[in-house]
Structure formats: C-alpha cells, structure tokens
Amino acid sequence: LMTIMIFDDLLKACTSGGASTLVSVTELEPAAGAHASVAPAKFVDGRSSVFAFETRFIDGLAARAVLLDSKQSQLNRAEGAIMQDIRAEHPLLGKIPRILVTYSDGQEFSDMELPHRFADGHVRAGTIDGEPTTANEAYRAVRNATPADMSAILNTAPAAAVFGGWDSTRKKNQVRLRSALVGEIIGVLADQDSSGQDQQSRRGGARVDTVAMSVQLDPKEMEKLIDAQEAELSDKLIDKLRGEIKKAKKDKKLSASPLGLGGIPPQLDALGGVACGKIIRSWVLSFASLRQLRFGGNEEANVAGRALLAAFGLVAIARAERELYLRANCDLVEAGAPVVTLDERYGNKRILDPITVELADQLLEQAINHARSTGVADWNGQILHVDGNQVILQGASDESESED
C-alpha cells in the first residue's frame, strides 16, 4: 500500500531519531529497445578515455555493471533543471536564495551552476558594489558558517547544503558540507560471462565533404587560411598548424582537415557503447546528513531549517527524474514508476507514491512558510549579485587543460 508523503513526514525525518533516508529507485531501458547499446559516461585514465566498470549486487548476486551517470553528473543535471525553471520565472523556485555571477558580456552563472558552488573561484574573484567579494559582509558570513550555525548558507546559498560544498582554497575555517543528496544511473552488463572491456563496442568517426574528400595546400596557402581565421581558432590549434608549416618543405602539401576541410573516412577508434540487461537509476536523500546541521536557534528552528533543505532536495529529485537527458547514444525511458521508500528505522520501510514535481513543490511551499514562521529562514528570491572579474573572461577558453 503506497501513501503520499506529507509535510509532517519531513518534520519527523528532520527530528533527532527520525528516518535515515528517503530513496527513489527507477528501472530504465534504452529508448530504442532492449537490443540497443547505450553510451556510458567516459572518464580519463592517463591519456585515454575509458568506461567505469564495477561489481554491484543485483537481484541477490554479484554482477558486472557500468556507470552510465555519476553522482556529480546527476547532481549537476538536477541543479540545471532547477535553474531552467527559475529562469522561466517559476513563482516558487524563484524564491530559492542564490549567488549570481554576471560578466560584462551578459553571461550569468548561479552557485547552482558553478562547480564549487558558493566557494567557486568565479565568485571569489569577483566584486560586489566595487569591492572584492571576499570582503563583503554577507559573503564572509557564508564562508564563516559553522556546524553550530549554518543560517548564512541557508539564507544565501542553500544549494551547497543539499548538493555539497567545500571552501577548499581557504587558508583556514574551511566550510565543508557533504552532499545530502546522491544519485546515479548504472547499467548491468548483458553478458555476465565476459568482462566489460570485452563487451564495449567501437564507433566509427567519419565526415563527408561534398566539395572534396581531400584538400591539400602548400605551406603559404595554409598560412593565409590560418591568418584569415586566427581570431576564431584556438591557440593550441594555431600553434600546432604553424609548427607543421615551419617543418614543411616548400613543395610539400599540407592537409587542411584540421580546419574542417575535406572528408574523414570511417574508422573504428572511438568508444561506443555497451548492451545492458537492466538499467537502474537511484536517488538517496539523507536525513541523517541534514540532522547534523544547526542554524543558531532552538530545536524547532533547526528542524524547520532541515525540512526546508529536505524539500529542496525533493524538488531536485522530481525535476531530475522528469528530464532523462544524458548524452548522445544514451537515450533512456522509464520501464516503470519510481519505487520510493522512507526509512522507518529498525529495518522497517514505508513505500511512498513517486515524488512528482507537483508534490515536491507543494512540500517546498509548506517548508518555506514553516521556516519563515519559526524565524530560521525567509526565502523570498534574494540574490547576492557578484560582478565577474574581466581578467577571467579574457583568459577563458573552451579547451580542456588536460588536452595536449
């Protein structure tokens, strides 16, 4: 028998001795059908890209699985879904406090989009009202938060209390918050009798140029092409091409393929995908983690603050589950409804209805009102505005530092 989660459930879970976790587990499947392979997340191992294979306990047995989406990636997707609704002027989500970094070219980034959240380098390097961000009283209060009083984080940049945050570059008094919300998607490999490496497919990269499959230029012509496009080409590519031009003999032709000219014949050199017998998405919201947080007031206020963060976490789960967007060649659909369980201690669990966006928003609205009535938080869409540092914008590049 399933029941709908109510606000009183959140208050009880956020009170000492309450539920340890709420878990939402959904079985997924490839959108194209069971026959389709799916592209897992790629990780850099030395100089090559690899998939992450590991052993999991599935249906009572040890099984080989592959990581389709990691904890960090799932949290980022949840934050991205929340920010989409905020930018679409969602009346409730717009009440969530946040830090907003704005650059002179119009780009804006909230602490829910920056990798280190409230402690991100873009925030710390910026200015507020012409003064360094790090000297601003409101921002200093966030950085000086302690386990005994997290009220500044709750009212300025609460995302870190749900998704995790670490002020790691600070000399001392570093705020470190573990994520109260954890999510991942794994795929159980279809063939359990062979290793993951044996099962991963390769994909062919190819490009057809309708003008000519090969464009060969002499060094001077290549130099002219580079000069004409220099403002739009990466420094790394320019250095590489000019190095080849220097080494080339006068009568030697150079391929213009690095400039996107000419075709590339099909070749099996890129990681493709794997076949999965089962795909599982799971979310865990840790009330035990939230119960470690206090906000400088009495216990009623502490519980109200935790419940507010828990409702924020449910809003994130609901929106992340609604948007099954991963990467190319990894289109998934739900094979059934999420199975939601609330820990009731001593091995007992209560099955709940799925956490829909409508239900999560209703709980968040109640949590906001309750937190306001206890005086622990007043979420009304307050934004700590930071002007981005121009030096960072001038040095920005889309090239990864790990690339050669």
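**A tour from a hairpin to a pocket**

Select Gly 46 to start: in the hairpin of strand 2 and strand 3, with two residues between the strands, Gly 46 takes a positive phi near 70°. Keep in mind that this is a predicted model.

Now widen the selection to residues 42-45 and residues 48-51. These are strand 2 and strand 3; they run antiparallel and are joined by four bridges.

Move on to helix 2, residues 71-87, and helix 11, residues 299-322. Their axes lie 8 Å apart, and the helices pack at an angle of about 95°. Angles of 65 to 115 degrees count as roughly perpendicular, so helix 2 is roughly perpendicular to helix 11.

Show the side chains at this contact. On helix 2, select Ala 78, Ala 81, Ile 82 and Asp 85. On helix 11, select Phe 312, Val 315, Ala 316, Arg 319, Ala 320 and Arg 322. Colour them by class: seven are nonpolar, three are charged and none is polar.

Stay with helix 2 for the last stop. Which element gives the largest share of the lining of the second largest pocket? Helix 2 does, with five residues. Strand 10 (165-166) also supplies at least two lining residues.

To find the pocket, select Gln 72, Pro 115, Arg 117, Phe 163 and Gly 164; of the 19 lining residues, these lie nearest the centre. The space inside is about 280 Å³. Colour the lining by class to finish: seven residues are nonpolar, six polar and six charged.

Definitions and conventions. Residues are numbered from 1 along each chain as its sequence is written. This is a predicted model: local features need pLDDT of at least 70, side-chain atom pairs count only at pLDDT 80 or more; totals for chains, interfaces and linings use all residues. Side-chain values use heavy atoms; hydrogens and water are left out. Two strands pair if DSSP finds at least two bridges between them. Axes are lines fitted to C-alpha atoms, for helices over the stretch in contact, and angles run from 0 to 180 degrees between N-to-C directions. Angles under 35 degrees count as roughly parallel, over 145 as roughly antiparallel, 65 to 115 as roughly perpendicular and the rest as oblique. Contact means heavy atoms within 4.5 Å. Ala, Val, Leu, Ile, Met, Phe, Trp, Tyr, Cys and Pro count as nonpolar, Asp, Glu, Lys and Arg as charged, and the others, Gly among them, as polar. On a 1 Å grid over the protein atoms alone, a cavity is a set of points where a 1.4 Å probe fits but cannot get out, and a pocket is an open set with protein on both sides within 12 Å along at least five of seven lines; lining residues have an atom within 4 Å of a point. Grid points are joined across faces, edges and corners, and a volume is the space filled by probe spheres set on the points.
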